[in-house]
Amino acid sequence: LTAMNTPHILGQSRQIARLGSLLRSGTAPHALLFTGPSGIGKKMAAVAFLSALFCSGEKKPCGICPSCLRIKAGTFPDLHMIGPNESGVVPVGDADKPEPGSARWIIHKMSMKPAGGRSGAVIDGLDRMHGDVQNVLLKTIEEPGEGACIVLIASERSRVLPTIISRCVEVRFSPLGEDILRAMIKDRTDSGDILDFAAVCAGGSAENAIALTDADYREDILDACRQMTQSVVTGSSLNVPSSLLAKPKQHADSVEILIAAYHHLLRRRAMGQPAASALFDDINIDDIPT
């Protein structure tokens, strides 16, 4: 094993190299914490890392051995995954009868003897758990069982309990570069202006970039920007629909997108350069009254 076999995970070569080093050591940590913005490949990396632990192929994960195929199909008995529900949170669950997808369900699963001698878990959205729910997981994170490995995923590190961070090996993932985002979404639009706008406003997130190729969502974002510009220039009240700020399109983060749009405009102005896309033309602030 020379490295993790993850050609589908882009823009995270340093992080993948570190995970490969952990695999080569033969002593994978019992708990890892993947942090970084949403939509940059943290969950894919978590599944790939655990798949590599179970993989019997030469290049791990090979994608074709029985374990890899069952993990792809979601039928591997010793890999368990939970993430945010429709309300955007991970529920704590009932202690006596833990429902699937809850924190207590993953605790129950990790307490069972694995069929193949080792077990793994992916807990996505750790930062979307209330502090008391994170505390429920603490004992399992500290002592997940012999041969077990838990990968926790958080987009907002500040919302993770320090007691959890201190008990994990943390791997910090990076925002994706604009060139990588353009390559990811180039088949979704024929417009160079849309491609450039989506890439620079995505904040390094593939989810945001993909969402911005949707005409209706993009127009909602542009309309919000127009209102923000108008408010700054004229001093009028600002009225951005609350629905836009609630991750309405494929989990896109509208606030992050709005911040990235104006950051791009200000940075280009400071450098004396035009904006990357003509879509910025009617949201650019030419002059701020004093």
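Which element gives the most to the lining of the second largest pocket? Helix 2 does, with four residues. This is a predicted model, in which local features need pLDDT of at least 70 and side-chain atom pairs count only at pLDDT 80 or more, while totals for chains, interfaces and linings use all residues. Residues are numbered from 1 along each chain as its sequence is written, and side-chain values use heavy atoms, without hydrogens and water.

The second largest pocket has a volume of about 230 Å³. A pocket here is an open set of points on a 1 Å grid over the protein atoms alone, where a 1.4 Å probe fits, with protein on both sides within 12 Å along at least five of seven lines; lining residues have an atom within 4 Å of a point. Among its lining residues are Met44, Val47, Cys62 and Lys72.

The largest pocket has a volume of about 990 Å³. Of its 39 lining residues, Ser38, Arg128, Ser155, Glu207 and His251 are the closest to its centre. Helix 2 (42-54), strand 4 and helix 9 (206-211) each give two or more residues to this lining.

Strand 4 (residues 148-154) has seven of its seven residues buried, that is, under 20% relative accessible area with a 1.4 Å probe, protein chains only. Strand 1 (residues 31-35) pairs with strand 4 in the parallel sense over five bridges, where pairing takes at least two DSSP bridges. Leucine 33 stands opposite leucine 152. Strand 3 (residues 119-123) also pairs with strand 4 in the parallel sense, over five bridges, and serine 119 stands opposite alanine 148.

Notes:
Buried < 20%, exposed > 50% of the residue type's maximum accessible area, 1.4 Å probe, protein only. Points joined across faces, edges and corners; volume = space filled by probe spheres on them.
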